[in-house]
Amino acid sequence: MGQVVEFLNVLNQEPWRFIIGAFAVLNLVLGSSAVLVMAERKVAGYFQLRFGPNRVGPRGLLQPLADVIKLLTKENTAPGRADMWIFLAAPIAMLLPVAVVWMVIPFAPETVVANINVAILFFVAITSVGALGVIMAGYGSRSNFSLLGALRGAAQMISYEVPLILSLLGVVMLTGSLSLVDVVNAQGGGFWNWYLLPQLPMFITFYIAGLAETKRVPFDLPEGESEIVGGYMIEYSGMTWALIQAAEFAGMALMSAMTTTLFLGGWQPPIAFLDLGQFNWIWFAIKTSVVIFTFQWIRWSIPRLRMDQLMDLGWKVLTPLTIVWLVVTAGAMLVF
């Protein structure tokens, strides 16, 4: 522990604040994943004109707790031919990067676990590791369906990283900084200062790329229940399966939070007189929740794309669109 504290001192962070903050963020990620599973099932129920979970607790609100207890007590099984070290490490490799990135997102004024000046670069670098976890799950399972799902997932996630990264550059150019705190501060003063309007094509690209990176419908080819019966996660059960699910739902929340931070003003209120001071985290929570709801809305409204359609959208539509808008942004900055 002493070495950890010394290391954190070298990074110019307050050690105990950092450790406590990181512990709180990790619990937030795991807790929010359980709640989001419940929300997803409720939204699905309402879209399909039924109630969804409504038996455990008042209006089914204790269903996440029941699910966690069930998964903790369920037997973990694995194929006899599986590479156990890779098989068991894969869920951790998926969850850990998502949890780490949450530490650089500002929730409210001066409320961020690690205010680093290259937070956007940190986000891009760490989320790229998620593709490695998918490949590990497919390879470690030693199953044809798992391997096929992993190959689909790796191709999809790596392909959509290109438009996702390009869509961030417009915000970086306008802000002149890679710090997420600076990005949020630059959008203060009202909703007309948010980057949503001047960077609308980038916002749309980032949103679509976020859907693909989190493997959500209509980009859920790595799972494809009707084709490869669960894909890379087919051999998982019990707690290992729960960790993969937690990583997916935490990833959805992370992409929603980044969308809020980069394009919707972060914790900034829509109008200046609605400023809540240190309680501006409420605005951040509202905006992020709305974006999460749209993710769930799309899941139950749009059918899955084919692999060729998915690749065409990424390489032939989104990537050229972001490059063109970068040129437009640079030209506008020179003129105005």
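Before anything else, note that the model is predicted. I'll start with the overall architecture and then go to single residues.

The chain has 13 helices and zero strands. Read from one end of the sequence to the other, the pattern is α-α-α-α-α-α-α-α-α-α-α-α-α. The C-alpha trace spans about 65 × 50 × 45 Å along its principal axes. How does the radius of gyration fit with a compact globule? For 336 residues a compact globule would come out near 20 Å, and the chain has 20 Å, so the two agree.

Now contacts and surface. If we take contacts between residues at least 6 apart in sequence, 77% of them join residues at least 24 apart. Of the 336 residues, 51% count as buried. The accessible surface comes to about 16300 Å², and carbon and sulfur atoms account for 72% of that. As for charge, there are 18 positive and 19 negative charges, and their mean positions lie 10 Å apart.

Next, the core. In soluble globular proteins, nonpolar side chains tend to be buried together. Here the largest nonpolar core has 78 residues. Which residues have the most contacts inside that core? They are Trp 102, Phe 123, Phe 206 and Leu 262. Helix α11, residues 238-263, gives the largest share of this core, with 13 residues.

Leu 262 touches Ile 120, Leu 168, Val 171, Leu 180, Val 183, Gln 187, Tyr 195 and Phe 206, with residues up to four places away in sequence not counted. Phe 206, in that list, is itself one of the residues with the most contacts inside the core.

Trp 102 is in a loop, the one between α4 (84-101) and α5 (119-127). Is Trp 102 buried or exposed? Its relative accessibility is 8%, and the cut-off for buried is under 20%, so Trp 102 counts as buried. Leaving aside neighbours within four places in sequence, Trp 102 is in contact with Val 25, Val 29, Phe 107, Ala 250, Ala 253, Leu 254 and Ala 257. On the other hand, Val 56 is 46 residues from Trp 102 along the chain, and their C-alpha atoms are separated by 31 Å.

Leu 310 sits in helix α13, residues 307-335. Leu 310 is buried, with a relative accessible area of 0%. Not counting residues up to four places away in sequence, Leu 310 touches Gln 156, Tyr 160, Phe 219, Leu 221 and Leu 305. Pro 106 is 204 residues from Leu 310 along the chain, with 32 Å between the two C-alpha atoms.

Last, some backbone geometry. Leu 49 is not a glycine, yet has a positive phi of about 55°. Lys 215 is not a glycine either, and has a positive phi of about 60°. Where do they lie? Leu 49 is in the loop between α2 (15-47) and α3 (63-73), and Lys 215 is in the loop between α9 (200-213) and α10 (225-228). What about their accessibility? Leu 49 has 82% relative accessibility and so counts as exposed. Lys 215 is buried, with a relative accessible area of 9%.

Note on methods: Residues are numbered from 1 along each chain as its sequence is written. This is a predicted model: local features need pLDDT of at least 70, side-chain atom pairs count only at pLDDT 80 or more; totals for chains, interfaces and linings use all residues. Side-chain values use heavy atoms; hydrogens and water are left out. Helices (H or I, at least four residues) and strands (E, at least two) are DSSP runs, numbered from the N terminus. The radius of gyration is taken over C-alpha atoms; the globule rule is 2.2 Å times the number of residues to the power 0.38. Buried means under 20% relative accessible area, exposed over 50%, partly exposed in between (1.4 Å probe, protein chains only). Contact means heavy atoms within 4.5 Å. Accessible areas come from the Shrake-Rupley method with a 1.4 Å probe; for residues, only the protein chains shown count as cover. Lys and Arg count as positive and Asp and Glu as negative; His and the chain ends are not counted. The place of a charge is taken as NZ of Lys, CZ of Arg, CG of Asp or CD of Glu. A nonpolar core is a set of buried Ala, Val, Leu, Ile, Met, Phe, Trp, Tyr and Cys residues joined through side-chain atoms within 4.5 Å.
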